[in-house]
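Trainee: I am new to this structure and would like a close look at a single part of it. Could you pick one residue, walk me through its surroundings, and then show me how the rest connects?

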Amino acid sequence: MNSRFSSIPVTETGKIQKLVVEYLKRNPSLKSLYKFEPEIDSIEKAILLKRSFPSTSREILSASLKSQYDEAGMLTSELEEHIDSLKSSDTFTITTGQQNGILLGPLYTVLKICSAISLADELTKRYPEKKFIPVFWMATEDHDIEEIRSVSVMAEKYKWETKQTGAAGRLSNEG
C-alpha cells in the first residue's frame, strides 16, 4: 500500500447498516439468511450452481438494453457486443445501483460503478472462460416519494411538500 494513504475497513466507517456489517463479519446468527459467504471465492460457487437465467429472459434483456441505448444515441459497436454477450449462459452481470436521494452526492455512485468494473475485471482474469459485464442500475422506479421526501442537514429536517404520487424517478422536481 502507498504510505501516503491509509485505509479504513468498511465495517468501521459507521456508514454501513448494522445488518450489513454483521454479514461482512460473518455473524453466525445470520447464516440462514444467505447462501454464499461475502468473499470472491463464493462467486465461483454461484457459477458452479448454474445461477443463470433462461435463454428467453436473456434475449429479452439484450433486446431491451439495445433498444434503450439506441434510443439514447449511445449504442456503439463495442457496447452492442457486450449486450449481445448477455445472451450466453457463460456471461454474468456484476450489478450495482443507486437510489435517488436528496443531497446524495455523486462520489458514492462513482465508487460503486468503479467497484463493479474492478470486480468484473478481476473475475474475467480468474475465469477467462466466462464473461463478466459490469451493470449500473439507476434505481429510480423502486421506491416512492415517502422514501425521498425528507433530508436532515446539521440536525435540521427539510421536507419536500408535493402532491405527486408514483415512482420517484418519474416525479417532476419543478417547484
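Mentor: Happy to. Let's begin with Y23, which has a relative accessibility of 26% and so counts as partly exposed, since that value falls between the 20% limit for buried and the 50% limit for exposed. Please keep in mind that you are looking at a predicted model.

Y23 has an aromatic partner, Y34. Their ring centres are 4.8 Å apart and their planes stand at 80 degrees, so this is an edge-to-face pair; the label applies because planes over 60 degrees apart count as edge-to-face.

P38 touches Y23, L24 and R26, leaving aside residues up to four places away in sequence. Look at L24 in particular: it is 14 residues from P38 along the chain, yet the two C-alpha atoms are separated by 6.1 Å. At 24% relative accessibility, P38 is partly exposed.

R26, another of the residues touched by P38, lies in the loop between α1 and α2 as well. Its relative accessible area is 36%, so R26 is partly exposed. The backbone deserves a glance here: R26 is not a glycine, but its phi is positive, at about 60 degrees. Most residues other than glycine have a negative phi. You can find a positive phi again at A155, another residue other than glycine, with a value near 70 degrees. A155 sits in the loop between β3 (150-153) and β4 (156-159), and with a relative accessible area of 87% it is exposed.

A search of the whole structure finds three aromatic pairs. Another of them joins F92 and F132, and this one is stacked, with 5.8 Å from centre to centre and 25 degrees between the planes. The F92 and F132 pair also links distant parts of the chain: F92 belongs to strand β1 (residues 91-99) and F132 to strand β2 (residues 131-139), 40 residues apart. Both F92 and F132 are buried. Together with Y127, these two residues form one aromatic cluster.

The side chain of Q98 is joined to that of K112 by a polar contact of 3.1 Å.

In strand β2, turn to F136. This residue is partly exposed, at 30% relative accessible area. F136 belongs to a nonpolar patch on the surface, along with I113, I117 and M138, and the four have about 310 Å² of accessible area together. Helix α5 (106-126) and strand β2 each supply at least two residues of that patch.

Key: Residues numbered from 1 in each chain as written. Heavy atoms only, no water. Phe/Tyr/Trp six-rings, centres within 6.5 Å; stacked < 30°, edge-to-face > 60°. Buried < 20%, exposed > 50% of the residue type's maximum accessible area, 1.4 Å probe, protein only. Helix = DSSP H or I, 4+ residues; strand = E, 2+ residues; numbered from the N terminus. Patch = residues over 30% accessible without salt bridge, like charges linked within 9 Å, V, L, I, M, F, W, Y side chains within 5 Å. Areas by Shrake-Rupley, 256 points an atom, 1.4 Å probe, with all protein chains shown as cover. Salt bridge = Lys/Arg side-chain N within 4 Å of Asp/Glu carboxyl O. Polar contact = N/O pair within 3.5 Å; in protein donor to acceptor, adjacent residues only side chain to side chain. Contact = heavy atoms within 4.5 Å.
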